[in-house]
Amino acid sequence: MRVVTVEPHRHEGVFIYRGMEDALVTLNMVPGQSVYGERRVTVSEGGTKVEYRTWNPFRSKLAAAILGGVDQIHIKPKCKVLYLGAASGTTVSHVSDIIGPDGLVYAVEFSHRAGRDLVNVAKSRTNIIPVLEDARHPLKYRMLVGMVDVIFADVAQPDQSRILALNAHTFLRNGGHFLISIKANCIDSTASAEAVFASEVRKLQQEDLKPQEQLTLEPYERDHAVVVGVYRPIRSSSKSRSSSK
């Protein structure tokens, strides 16, 4: 009989399940509950049973980016996240697991049907704050959302870089980070995916959003890329001292 184990991934709060088939998993914040029909696995750790939820990269751009080898996701325990395009809460639920009870994820979704599912997910996960608004208008929900450490944007709109920028200017702390999932044919179906990605990166740079990493999401998604970066980078005091000499 094969021994089943769970190992920490290099991204804090993410784990790898080693069993019949290896899988990406997160520690289930609400043991006994699945969110979207995902498999739950229980392992014994120090005599205590601990439950994890498998994370399907074909249903989550963030999971696809992690399995694709993204260097940093910046989402970790205790951090505050603004998630744009939360849909029914599939990926948001895993972000909820990662950040844990001391973190917060503000989940913005405009579709009422998906929003109902999102609200139901949030009922048992106290670190999710559902925001049923249009991400194009962050001032409409500025009273609900505090300053955040990370923004994850998955809005699949032609102006998705602008939507990220508007929210970053409103809610993202200086030196905070962003991840944006870019769907090329949603922006320009006549141009090559590479040309669209390059154009979107230039738009981000014009908004004080400094891309640091880009990777495509094959084989999980076609013509998608995730761009990770920093907002208004804070210069270290040592650099500023040397530049002032």
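Buried means under 20% relative accessible area, exposed over 50%, and partly exposed in between, with a 1.4 Å probe and protein chains only. The model is predicted: local features need pLDDT of at least 70, side-chain atom pairs count only at pLDDT 80 or more, and totals for chains, interfaces and linings use all residues. Residues are numbered from 1 along each chain as its sequence is written, and side-chain values use heavy atoms, without hydrogens and water.

**Exercise 1.** Find the salt-bridge partner of Asp 22, and state how exposed Asp 22 and its partner are.

Solution. Step 1: apply the rule, a side-chain nitrogen of Lys or Arg within 4 Å of a carboxyl oxygen of Asp or Glu. The count by this rule is 12 salt bridges. Step 2: Asp 22 pairs with Arg 18, with 2.6 Å between the closest N and O atoms. Step 3: Asp 22 has a relative accessible area of 43%, so Asp 22 is partly exposed. Arg 18, at 27%, is also partly exposed.

**Exercise 2.** Which residue forms a salt bridge with Arg 53, and are the two residues buried or exposed?

Solution. Step 1: the partner is Asp 97, and the closest N and O atoms are 2.5 Å apart. Step 2: Arg 53 lies in strand E5 (residues 48-54) and Asp 97 in helix H2 (residues 90-99), so distant parts of the chain, 44 residues apart, are linked. Helices (H or I, at least four residues) and strands (E, at least two) are DSSP runs, numbered from the N terminus. Step 3: Arg 53 and Asp 97 are both buried.

**Exercise 3.** Describe the salt bridge of Asp 159, then name the residues of the network joined by shared partners.

Solution. Step 1: Asp 159 pairs with Arg 162, with the closest N and O atoms 3.3 Å apart. Step 2: Asp 159 is partly exposed at 21% relative accessibility, and Arg 162 is partly exposed at 46%. Step 3: the network consists of Glu 38, Arg 53, Asp 97 and Arg 125, joined by salt bridges that share partners.

**Exercise 4.** Give the volume of the largest pocket and the residues closest to its centre.

Solution. Step 1: a pocket, on a 1 Å grid over the protein atoms alone, is an open set of points where a 1.4 Å probe fits, with protein on both sides within 12 Å along at least five of seven lines; lining residues have an atom within 4 Å of a point. Volume is the space filled by probe spheres set on the points, which are joined across faces, edges and corners. Step 2: the largest pocket holds about 410 Å³. Step 3: it is lined by 23 residues, and Gly 85, Ala 86, Ala 87, Glu 109 and Asp 154 are the closest to its centre.
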